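Biologist: I would like to learn how to read a model like this one. Please take me through it feature by feature.

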Amino acid sequence: MSGGDVRLDGVMERVEAELFTDGGNDAVVRLPGRKFPGVLMQGDSLHILRSDLAEVVKACERGDLAEARDSAGLLLVGLDALLTRYEDALQQHEIPRPY
């Protein structure tokens, strides 16, 4: 194992993946054996997404529906941007949407 390799549960496999966008925090990639690409989200970005959603839940629990709506709206805008990036990558490579 080289210095850049990371083992999480004792299992690691090196594979070649197809990269459809620049790397970034939300790269569109296709793993071997998969028909459609997916979105690779960095761990810190996933944590931020989870934290933002937790804020919506807390606002709902407090009964602060205005704050919940505003926070949920921001989440939706971010997810819409991510979905648009995904769909644009598919279109550029003439891959039909999986949905």
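**Reading the helices and pockets**

Modeller: Start with a single residue. V57 lies in helix α1. Keep in mind that this is a predicted model.

Biologist: Is V57 buried, partly exposed or exposed?

Modeller: Look at relative accessible area. Under 20% is buried, over 50% is exposed, and partly exposed is in between. V57 has 42% relative accessibility, so V57 counts as partly exposed.

Biologist: How far apart are the C-alpha atoms of V57 and V77?

Modeller: They are separated by 17 Å. Along the chain, the two residues are 20 apart.

Biologist: Which residues of α1 are buried?

Modeller: S45, A54, V56 and A59. Their cover includes β3 and α2.

Biologist: What happens just after α1?

Modeller: Check the backbone there. G63 takes a positive phi of about 85 degrees.

Biologist: On to α2. How does its span compare with expectation?

Modeller: The same rule applies. α2 has 28 residues and should span 40 Å. Its end C-alpha atoms are 40 Å apart, so the two values agree.

Biologist: Which residues of α2 are buried, and what do they pack against?

Modeller: The buried set is A68, S71, L75, L82, Y86, E87, A89 and L90. These residues pack against β2, β3 and α1.

Biologist: Take L75. What does L75 touch?

Modeller: First, its setting. L75 is in helix α2. Its relative accessible area is 13%, so L75 is buried. Leaving out residues up to four places away in sequence, L75 touches L49, D52, L53 and V56.

Biologist: Which residues does R85 touch?

Modeller: Set aside residues up to four places away in sequence. R85 then touches T21, D22, G23, D26, A27 and V28. R85 and A27 are 58 residues apart in sequence, and 8.9 Å apart in space, C-alpha to C-alpha.

Biologist: Which residues form the largest nonpolar core?

Modeller: To read a core, look for buried nonpolar residues joined through side-chain atoms within 4.5 Å. Here the largest one has 6 residues: F20, V28, Y86, A89, L90 and I95. α2 gives the most to this core, with 3 residues.

Biologist: What does Y86 touch?

Modeller: Y86 is a member of that core. Not counting residues up to four places away in sequence, Y86 touches V28, F36, P37, G38, V39, P98 and Y99.

Biologist: Where is E94, and what is its phi?

Modeller: E94 is in the segment after α2. Its phi is near 55 degrees, a positive value in a residue other than glycine. At 75% relative accessibility, E94 counts as exposed.

Biologist: Now pockets. How much space lies in the largest pocket?

Modeller: The general idea comes first. Rolling a probe the size of a water molecule over the atoms shows where empty space is left. In this model, the largest pocket holds about 260 Å³ of space. Its lining has 13 residues, and the closest to the centre are M41, S45, L49, G78 and L82.

Biologist: Which helix supplies the largest share of that lining?

Modeller: α2 does, with 6 residues. α1 and α2 each supply at least two.

Biologist: How does the lining divide by residue type?

Modeller: Into 8 nonpolar, 3 polar and 2 charged residues.

Biologist: How much space lies in the second largest pocket, and which residues line it?

Modeller: About 160 Å³ lies in the second largest pocket. E13, V15, A17, V29, L31 and L40 line it. By type, that lining has 5 nonpolar residues, no polar ones and 1 charged.

Methods:
Residues numbered from 1 in each chain as written. Predicted model: local features only at pLDDT ≥ 70, side-chain atom pairs only at ≥ 80, totals over all residues. Heavy atoms only, no water. 1 Å grid on protein atoms, 1.4 Å probe; cavity = no way out; pocket = protein on both sides within 12 Å on 5 of 7 lines; lining within 4 Å. Points joined across faces, edges and corners; volume = space filled by probe spheres on them. Helix = DSSP H or I, 4+ residues; strand = E, 2+ residues; numbered from the N terminus. Nonpolar A, V, L, I, M, F, W, Y, C, P; charged D, E, K, R; others polar. Expected span 1.5 Å × (residues − 1). Buried < 20%, exposed > 50% of the residue type's maximum accessible area, 1.4 Å probe, protein only. Contact = heavy atoms within 4.5 Å.
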